[in-house]
Amino acid sequence: MASLVQIKMNHKGILHHLRLFVSLGLCLISLNAQQSQRGPQPYTVNRTLEEPTVFAPDIISTGDHETHPTFTPDGRTVYFLKNSPRFDFWTIVFSQFKNGKWTVPEVAPFSGQYRDADPFITADGSKFYFISDRPVAGKVSRDLDIYFMDRVADHWSAPKNLGTPVNSTGNEWYPTIAADGTIYFGSDRPGGRGMTDLYRCRYVNGKYENPQNLGDVINTQFDEFEPYISRDQTYLIFMAGGRSDSLGGFDLYISYNRNGEWTKPVNLGSKINSPANEFSPGVSPDGKYFFWSSTREIEREPLQTPLNYAQLIKKIRSPGNGLGDIYQIELRVLDLGLN
């Protein structure tokens, strides 16, 4: 009898360990599958990017006017602008990384009717900010305001106007958010130093404080439009025009926060700026890449033979034709002194 009981106990023990082994194996298979599916961030390039490189050519950056990228934290969805050639109508579109490639872009569900621009997703993926001239409380809007949406399950909530004191009777541009909730943006509201200045509103006890102009070191009599603030607010990269050290149209500049004071802005140089316009600065979710937009034309080799019509159309409708394109470069290449 004792032997029979012992055999049964041993049998149960073997079955128990077998179930644990199978369960563990299934978990490992599932984990490996998830890791394989995740892989590197989709914008990762398997070579050193020491020169400006068009992002996702012919899918996201095409011969049309595309600018202002922002990624979800996992890097697998990118929202960006599809613009009219004159840059007077902007629509927010998105593409997802599936089966090893970016999908054909679609108009974002909340966009496509009004002028919507300057998308920004917070680092935790919980909020989506953008600007728009959509109606406010049923009344036609004559200026651009900042809107936000909350992440709800697998979609974004309805857009909400951020209201005062962030929005004003003037135009607001390019909201970016620091880790403590402080919002940085451009505005041509009354009382600025120049035509458009950079401001910030601190987020305290669940509400925004009154706007602070970033001051004479940052703002000039000319235009300062699009500020990218690092999460810890140690540096600011922004778009500006009219400065004596400009390489062309609008250039990108960097300023550092030293003991609460902004340093004199420095032009990011010819690696980033060109004789054309540069704008929409930003850093990838993993902090590896610097993204921006440019209307530069890509220099092309002299043609050895004449183009036929199909070749001509392809040439003039390709990235680098002087309309807006999205570029990326490794952040470390900029040598911003951030380490």
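**View 1. Arginine side chains over tyrosine rings in the predicted model.** Arg134 lies over the face of Tyr147, at a distance of 5.8 Å from the ring centre, in a model that is predicted.

View 2. Strands of a sheet pair through backbone hydrogen bonds, in either a parallel or an antiparallel manner.

**View 3. Strand S13 and its two partners.** Strand S13 (residues 183–187) is joined by 5 bridges to strand S14 (residues 197–201), the two running antiparallel, while 4 bridges join S12 to S13, again in antiparallel fashion. Ser187 has Asp197 as its bridge partner in S14, and Glu172 stands opposite Ser187 in S13. S12 and S13 form a hairpin with 5 residues between them, and Gly181, which belongs to the turn, has a positive phi of about 95°. Of the 5 residues of S13, 5 are buried; Ile183, Phe185 and Ser187 are buried on one side of the strand, and Tyr184 and Gly186 are buried on the other, which leaves both faces covered.

**View 4. The aromatic pair of Phe110 and Phe128.** A search of the whole structure finds 28 aromatic pairs. In the pair of Phe110 and Phe128, the ring centres are 5.3 Å apart and the planes stand at 70°, so the pair is edge-to-face. The pair links distant parts of the chain, 18 residues apart, with Phe110 in the loop between strand S6 (106–107) and strand S7 (116–121) and Phe128 in strand S8 (residues 127–132). Both Phe110 and Phe128 are buried.

**View 5. The aromatic pair of Phe225 and Phe250.** The rings of Phe225 and Phe250 have centres 5.8 Å apart and planes at 80°, so this pair is edge-to-face. Phe225 lies in strand S18 (residues 224–229) and Phe250 in the loop between strand S19 (235–240) and strand S20 (251–258), so that the pair links distant parts of the chain, 25 residues apart. Phe225 is buried, with a relative accessible area of 15%, whereas Phe250 is partly exposed, with a relative accessible area of 23%.

Notes. Residues are numbered from 1 along each chain as its sequence is written. Side-chain values use heavy atoms; hydrogens and water are left out. Two strands pair if DSSP finds at least two bridges between them. Buried means under 20% relative accessible area, exposed over 50%, partly exposed in between (1.4 Å probe, protein chains only). Rings of Phe, Tyr and Trp (its six-membered ring) pair if their centres lie within 6.5 Å; planes under 30 degrees apart count as stacked, over 60 as edge-to-face and the rest as tilted. A charge sits over a ring if NZ of Lys or CZ of Arg is within 6 Å of the ring centre and within 35 degrees of the ring normal.
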